[in-house]
Every structure is written in C-alpha cells, then in structure tokens.
Amino acid sequence: MSTPVAEASGPEVVIVEDERNLRELYLDVLSARGLRVVALESVAAAEAYLSRRAPDLLLLDVKLGDGDGLVLLDKLRGQGLRTPVIVVTAFGTVERAVQALRAGAADFLVKPFTNERLISAVGAALELGRRWEELELAAPRIEAKKSGGELIGAEGGLKDVAALLPRVAASDATVLVRGESGTGKELVARAIHHASPRMDGPFVSVNCAALPSSLLESELFGFERGAFTGAHARRKGLIEAAEGGTLFLDEIGDMSLEAQSRLLRVLQEREITRIGGRDSVKVDLRVISATHRDLDAMAASGQFRADLLYRLAVIPIRLPPLRERAGDIPGLIEHFLEKHAARKGQQAPRPDAETLRRAAEYPWPGNVRELENFVERAVVLGRFDVESLRAPPSTKVPAPVEPGPARDEPEGSEESPGTAAASVPTLREAVARAERAAVIAALKAAGGQKTVAARLLGVSYKTLFNKIHEHDIREELHIG
C-alpha cells in the first residue's frame with residue numbers, strides 16, 4: 001500500500017493513525033495549512049519510515065492496530081529521534097497524559113477535538129521544534145551566567161542531563177530535580193530558566209524546608225489585610241512575584257499537605273487566592289521543584305499528595321552524586337580554582353597527580369558543595385589538604401576508565417575512485433562527497449555521539465540524522 005503524501009514546501013508532518021477517515025481528515029486539514037503531510041496507518045509503517053528520516057513533527061495515535069503508540073514513542077526516543085510528538089488518544093486520563101509527556105510528547109490531544117485545536121497544537125509543536133534546533137545550534141553548553149555559575153561536567157557523568165536541558169528549557173512543562181544535597185539542583189533549575197523563553201522574567205527561589213508551614217503559605221500565596229494578626233496591609237506572595245518567569249521550590253518534600261493542596265490548584269488552574277482573600281488571581285509562571293527525599297515512598301504513605309507529584313514530575317531529572325561522577329572532578333576543581341582565586345585576588349595552587357587521584361577516590365558525601373569548599377580552602381592556604389581526603393575502604397570509588405578511541409571506518413567503506421577518478425564530478429556529486437566525508441569525520445571526532453557531532457558541524461540534530469541516512473553512512477561508523 002502506498003503512503004499518502006500531501007506535497008507542499010512547508011515543514012513535514014508524519015501522521016500515524018489506523019482509522020482511515022481520521023487519517024484523511026488530518027491530512028486534508030494540515031496540508032491546507034501548507035504543510036507536507038505523510039499519512040501512515042501502523043506502528044510497522046512508522047518504524048520503517050522514521051528509520052530513514054526525521055520529520056519536523058509526528059502526530060501519533062496511542063491505540064494502533066499492530067501496537068501501542070506510547071511504546072513506539074519510547075522506542076523512537078531511545079533510538080535518538082528528536083522530533084516533537086503530539087500524542088492522540090480517545091482515552092484521556094491524567095495518568096495517560098503524564099505517561100505521554102514523560103515519554104517525550106510535546107502535547108496530548110483527546111478525541112474528539114476540533115480542527116482549530118489540531119491546528120493550534122501542530123503550530124505550537126512546530127515552534128517548539130524550531131526552538132530546539134536554535135538551542136542546539138546556539139547553546140552547546142547551557143550556562144547560567146546570570147546567576148554567576150555554570151553547569152560543569154557535561155563531558156562526564158552529567159552529560160545525559162546536559163543533553164536533555166535544551167529541550168527541557170524550550171518547553172514550559174514542570175520539572176522535578178531529584179538528587180542528594182550538594183549535587184547542584186538549584187544550578188540546574190537556573191540553567192533551565194536562563195535558556196528558556198522565560199529567561200527575561202524573574203527566577204524566584206524558595207526553600208520549603210527553611211520556613212515553618214504557616215509562614216511558607218503566606219510567603220508563597222500572599223495575604224490580604226486582616227488575614228491574621230500582624231497582616232496590616234495586602235501583600236503579594238512569591239508566586240505572584242514569579243509572574244512571567246520561573247518559581248523554584250527547593251526541598252518540596254518538606255511542604256505541608258495543606259500547602260500542597262494550594263499548590264496543586266496553581267498547577268491545575270493557573271490561579272491563586274491570597275490567604276484571607278476571596279478573589280482569584282491568574283498567574284503565568286513555570287514551576288521547577290527539587291528534593292532529596294523519596295517522594296514516591298512519601299506519596300505511597302500519604303505524606304505527599306500523589307496527584308501533586310504527577311503534576312510536578314512531568315519531566316523528572318536525576319542528578320547523580322559526585323561519587324558517581326569521578327570523571328568530572330578535575331574539571332570541577334579547575335573551575336572552582338579560577339572562581340575563588342579571582343574572588344580573593346590570590347594565586348591558585350595547582351593540583352598534582354596524587355591530589356587528583358585522592359579526589360577521584362574520595363566519596364564526597366557533601367557532593368559538589370563539599371568539593372568547592374575543599375578547593376576554596378586550598379586557595380586560602382596556598383596548598384591542597386590531601387590528608388582530609390581519607391575515605392573508608394567501603395566507600396571508595398574507582399577512578400574512571402577512559403573511553404577507548406572511536407572505531408575506525410572499515411576498509412573499503414569509502415567509494416573507490418576507479419575509472420571515475422579521471423573524470424570531473426558534477427557539482428552535486430562533489431558536494432555530496434564532501435558532505436559525507438564531513439559527517440563521517442565529525443562522528444569519529446565525537447566518538448560516535450550524534451549530538452556532539454551535530455554541534456561540531458554547526459547543524460541541528462535532525463539535519464545530521466537526515467544526512468546520515470541520505471548518504472547511507474553505515475551504522476558501524478557511529479554509535480547512539
């Protein structure tokens with residue numbers, strides 16, 4: 001069966017829908033907007049098509065005749081597909097929506113929906129895709145320079161987190177950052193904010209563990225005059241202060257159940273009511289939260305609202321402890337040496353091989369915060385206190401194993417010149433050969449990592465993905 005295609009010069013949208021009438025309706029509605037639409041009817045057809053090229057948008061039904069759309073989406077994301085996806089289903093539940101968003105969907109449509117809703121969702125998802133490409137090209141490393149710090153360690157244990165951040169920043173979905181104390185949860189939140197469309201808005205940070213329950217509520221939601229003793233005038237809360245920007249709720253696991261109920265309303269209705277007030281106030285902000293606690297266990301025991309956890313953790317991020325990131329330690333030491341030497345106007349001591357070895361083996365229970373204190377002390381004293389890095393044998397972490405060299409291209413993989421060497425290639429042939437050689441060289445230099453290779457070439461991940469298939473670059477030449 002041939003694949004229905006609506007030819008146009010606009011962005012390419014792939015539809016995967018097993019109901020013929022709906023498939024043709026989507027094709028007609030979207031092609032009328034100048035989009036190039038490819039309509040597919042099954043998981044198998046989608047896998048075959050998407051293995052060859054990356055479209056600008058994927059419109060994916062959940063219940064298909066030969067499989068589950070969310071299972072397909074999870075598989076495609078695992079294979080590296082970065083295309084924005086709109087998930088379509090006839091069964092709209094909060095759990096299903098969260099499952100779709102966690103699998104990487106940009107939006108979630110429940111049947112039946114109007115043509116206008118479809119057009120709006122497609123337009124928003126295509127704009128999101130354009131932002132992803134811009135971020136991939138313009139921000140090879142996400143930095144929070146406005147906050148005076150930067151996310152260090154993108155080449156070590158944090159590389160998966162760093163690779164995720166551009167796409168997280170472009171979205172407006174809630175983010176839950178999990179990690180031990182000192183791993184840099186607020187720094188990640190600031191990095192997301194400063195790379196997002198809300199970067200010009202405020203970043204408001206609240207430590208939920210630092211305030212008593214009653215005070216936390218009044219600080220967050222504000223209060224009206226006379227709401228309680230001492231409330232002599234109306235006061236806006238920190239949620240309103242974050243209007244147009246990002247609200248960061250650190251240690252969200254310490255928030256009382258009553259405050260959790262009020263926060264749930266903010267996420268559901270995008271409005272608040274000040275303490276002692278009756279009128280609702282609309283708010284426009286993004287919420288990023290963080291915790292070192294096991295919120296899943298707390299939800300199971302009734303200490304944390306499960307419905308709020310679903311809302312907070314649309315995009316979950318886990319920050320590994322420093323003991324799992326030994327490869328990042330030399331770069332972190334160098335960064336903190338420069339930072340504190342500049343602040344104190346002193347010469348920074350240089351770590352010798354023994355210091356770096358001991359630092360790699362030490363478990364760093366205080367994580368990055370403890371490492372920074374160690375380096376700052378070295379700047380003040382003019383030497384590294386290596387004797388303080390004595391770890392119990394059971395907690396020592398082996399030094400990282402350096403990755404091996406990228407695999408060489410097998411012999412005979414390049415086109416043999418043969419008799420064609422004596423002839424002059426056409427301009428198109430010459431450009432194609434040069435493109436293929438550049439892509440192979442970038443993949444080798446990046447150790448097979450397509451995201452890194454795309455940055456080396458100065459193109460988006462989608463462009464690289466399509467070039468790999470266009471030039472039939474064999475899978476053994478690259479990884480991941």
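This is a predicted model: local features need pLDDT of at least 70, side-chain atom pairs count only at pLDDT 80 or more; totals for chains, interfaces and linings use all residues.
Local features require pLDDT of at least 70 and side-chain atom pairs count only at pLDDT 80 or more, whereas totals for chains, interfaces and linings use all residues. Residues are numbered from 1 along each chain as its sequence is written, and side-chain values use heavy atoms, with hydrogens and water left out.

**Backbone sites**

Most residues other than glycine have a negative phi, and most peptide bonds are trans. Select Lys111 and Pro112 to begin: the peptide bond from Lys111 to Pro112 is cis, with omega near -5°. Pro112 sits in the loop between strand E8 (107–110) and helix H5 (115–138); helices (H or I, at least four residues) and strands (E, at least two) are DSSP runs, numbered from the N terminus. A salt bridge is a side-chain nitrogen of Lys or Arg within 4 Å of a carboxyl oxygen of Asp or Glu.

Next, select Glu251, in the loop between strand E13 (246–250) and helix H10 (257–269). Glu251 is not a glycine, yet has a positive phi of about 50°. Its relative accessible area of 10% makes Glu251 buried (buried is under 20% relative accessible area, exposed over 50%, partly exposed in between; 1.4 Å probe, protein chains only).

Move to Arg270, in the loop between H10 and strand E14 (271–273). Arg270, also not a glycine, has a positive phi of about 55°, and is partly exposed at 27% relative accessibility.

**The pair H13 and H15**

Display helix H13 (residues 329–344) and helix H15 (residues 367–381), which pack at an angle of about 50° with axes 9 Å apart. Axes are lines fitted to C-alpha atoms, for helices over the stretch in contact, and angles run from 0 to 180 degrees between N-to-C directions. Contact means heavy atoms within 4.5 Å; among the residues making it are Leu332 and Phe336 of H13 and Val368 and Leu371 of H15.

Within this pair, select Glu372 and Lys339, whose closest N and O atoms are 2.8 Å apart in a salt bridge. Glu372 in H15 and Lys339 in H13 are 33 residues apart. Glu372 is buried at 18%, while Lys339 is partly exposed at 23%.

**Two further salt bridges**

Select Arg235 and Glu219, which meet in a salt bridge at 3.3 Å, N to O. Finish at Arg265 and Glu271, with closest N and O atoms 2.6 Å apart; Glu271 is buried at 14% relative accessibility.
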